[in-house]
Amino acid sequence: MEDELIQILRDDLLDHDGEITPETDLFEIGLDSMGIMQLLLSIEDRFGTAIDPVDLSRDNFQTATRIAALVRSKQA
């Protein structure tokens, strides 16, 4: 799931030419609130999982690993 999230971020949301790993700080490479909103739509389309507004924290969206953990927790 982390690889799919990174692909979404790379292809659709971030203007970053460097490497993005599951532990890359996404805010340091340009993820902003508008990007998070677009990412939420992509997560819902790709994984069929809606993220609650209460879960929209900087901690949950810091890295692809944390986003994947959040999505998995919503799927459980």
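In which loop does Glu 19 lie? The legends below, which describe close-up views of a predicted model, take up this residue before turning to the other sites.

**View A. Glu 19 and its surroundings.** Glu 19 is placed in the loop between α1 and α2, where the residue is exposed, with a relative accessible area of 64%. Leaving aside neighbours within four places in sequence, Glu 19 is in contact with Arg 10 and Thr 24. The C-alpha atoms of Glu 19 and Arg 58, which are 39 residues apart along the chain, are separated by 21 Å.

**View B. Gln 62 in the loop between α2 and α3.** Gln 62 is buried, its relative accessible area being 15%, and its side chain makes a polar contact of 2.5 Å with the side chain of Asp 25. When residues up to four places away in sequence are not counted, Gln 62 touches Thr 24, Asp 25, Leu 26 and Phe 27.

**View C. The largest nonpolar core and Leu 39.** This core has 23 residues, of which Leu 39, Phe 61 and Ile 67 touch the most other members. Helices α1 (2-13), α2 (33-47) and α3 (64-75) each supply at least two residues of the core. Residues up to four places away in sequence being set aside, Leu 39 touches Leu 5, Ile 8, Leu 9 and Leu 13, together with Phe 61 and Ile 67.

**View D. A nonpolar patch on the surface.** The patch is formed by Met 34, Met 37 and Leu 56, which together have about 290 Å² of accessible area. Met 37 has its place in helix α2 and is partly exposed, with a relative accessible area of 42%.

**View E. The salt-bridge network of Asp 52, Asp 55 and Lys 74.** The side chains of Asp 52 and Lys 74 meet in a salt bridge at 3.2 Å, N to O; this pair links distant parts of the chain, with Asp 52 in the loop between α2 and α3 and Lys 74 in helix α3, 22 residues apart. Lys 74 also forms a salt bridge with Asp 55, in which the closest N and O atoms are 2.6 Å apart. Because Lys 74 lies in helix α3 and Asp 55 in the loop between α2 and α3, this pair ties together parts that are 19 residues apart in sequence. Asp 55 counts as buried at 13% relative accessibility, whereas Asp 52 is partly exposed at 37% and Lys 74 is partly exposed at 31%.

**View F. The salt bridge between Asp 59 and Arg 66.** The two side chains meet at 3.5 Å, N to O. Asp 59 counts as exposed at 52% relative accessibility, while Arg 66 counts as partly exposed at 38%.

Technical notes:
Residues are numbered from 1 along each chain as its sequence is written. This is a predicted model: local features need pLDDT of at least 70, side-chain atom pairs count only at pLDDT 80 or more; totals for chains, interfaces and linings use all residues. Side-chain values use heavy atoms; hydrogens and water are left out. A nonpolar core is a set of buried Ala, Val, Leu, Ile, Met, Phe, Trp, Tyr and Cys residues joined through side-chain atoms within 4.5 Å. Buried means under 20% relative accessible area, exposed over 50%, partly exposed in between (1.4 Å probe, protein chains only). Helices (H or I, at least four residues) and strands (E, at least two) are DSSP runs, numbered from the N terminus. Contact means heavy atoms within 4.5 Å. Patches are made of residues with over 30% relative accessible area and no salt bridge: like charges are joined within 9 Å, nonpolar side chains (Val, Leu, Ile, Met, Phe, Trp, Tyr) within 5 Å. Accessible areas come from the Shrake-Rupley method with a 1.4 Å probe; for residues, only the protein chains shown count as cover. A salt bridge is a side-chain nitrogen of Lys or Arg within 4 Å of a carboxyl oxygen of Asp or Glu. A polar contact is a pair of N or O atoms within 3.5 Å; within protein, one must be able to donate a hydrogen and the other to accept it, and residues adjacent in sequence count only if both atoms are side-chain atoms.
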